[in-house]
Amino acid sequence: MKKVLFFSILFCAIALPALGELTEADLNKIRLIVNEEIKPIEVDIVLLKTDTAWIRGKLESVDEQFEGVNNQITHSRRITYGLIALIVAAVGIPQIVIAWRSKKDSTQEKQIEKLRQEIEELRQQPVFSTGAEL
């Protein structure tokens, strides 16, 4: 118990100078230190603002370049699609015409063959003449 009382009095004695008030000179020194610390921070903030403005300018120019590249890619893609359509039309339309003609030719060939068979049948039939025709 004596030890606890001794340490309590000792700690109170150590804490007594902390209860003293700050003088005006002490406050002025603190203000001066704080102001000196704030000035470099303000300069850093101004520098950061200029740096961010410069970076924004660069980013805007990069965005414009990306837009230009994107427009070129879109234009190239449209030209490619147009050329593909032209090639398909150039190859496909003649193929369709050839197929249509070959189908038409095959039906005509069938008709010609049919007519040949009829002619052959008619040639093989005997011809009777009645005499009045002469």
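Trainee: Is glutamate 120 buried, partly exposed or exposed?

Mentor: Good place to begin, and keep in mind that this is a predicted model. Buried means under 20% relative accessible area and exposed means over 50%. Glutamate 120 has 40% relative accessibility, so the residue counts as partly exposed.

Trainee: Which residue does glutamate 120 meet in a salt bridge?

Mentor: Side chains of opposite charge can pair when their charged atoms come close. Here the N to O distance is 3.8 Å, and a salt bridge calls for a nitrogen within 4 Å of a carboxyl oxygen. The partner of glutamate 120 is arginine 123.

Trainee: How many residues apart are arginine 123 and glutamate 120 in helix 2?

Mentor: Helix 2 covers residues 24–124, and both residues belong to that helix. They are separated by about one helical turn, because their spacing is 3 residues.

Trainee: Is arginine 123 buried or exposed?

Mentor: The cut-off for exposed is over 50% relative accessible area. Arginine 123 has 64%, so the residue is exposed.

Trainee: Which residue pairs with arginine 31 in a salt bridge?

Mentor: A search of the whole structure gives 2 salt bridges. In the one with arginine 31, N and O are 3.6 Å apart. Arginine 31 itself is partly exposed, at 44% relative accessibility. Its partner is glutamate 24.

Trainee: How far apart are the mean positions of the positive and negative charges of the protein?

Mentor: The protein has 17 positive and 19 negative charges.

Trainee: What is the radius of gyration of the protein, against that of a compact globule?

Mentor: Picture the fold first: there are 2 helices and 0 strands. The C-alpha trace spans about 170 × 50 × 15 Å along its principal axes. A compact globule of 134 residues would come near 14 Å, but the protein has 54 Å.

Trainee: What share of the residues of the protein count as buried?

Mentor: The protein exposes about 13,200 Å², with carbon and sulfur atoms supplying 65% of that area. Of its 134 residues, the share that count as buried is 1%.

Definitions and conventions: Residues numbered from 1 in each chain as written. Predicted model: local features only at pLDDT ≥ 70, side-chain atom pairs only at ≥ 80, totals over all residues. Heavy atoms only, no water. Salt bridge = Lys/Arg side-chain N within 4 Å of Asp/Glu carboxyl O. Buried < 20%, exposed > 50% of the residue type's maximum accessible area, 1.4 Å probe, protein only. Helix = DSSP H or I, 4+ residues; strand = E, 2+ residues; numbered from the N terminus. Rg over C-alpha atoms; globule rule 2.2 N^0.38 Å. Areas by Shrake-Rupley, 256 points an atom, 1.4 Å probe, with all protein chains shown as cover. Lys, Arg positive; Asp, Glu negative; His and termini not counted. Charge placed at Lys NZ, Arg CZ, Asp CG, Glu CD.
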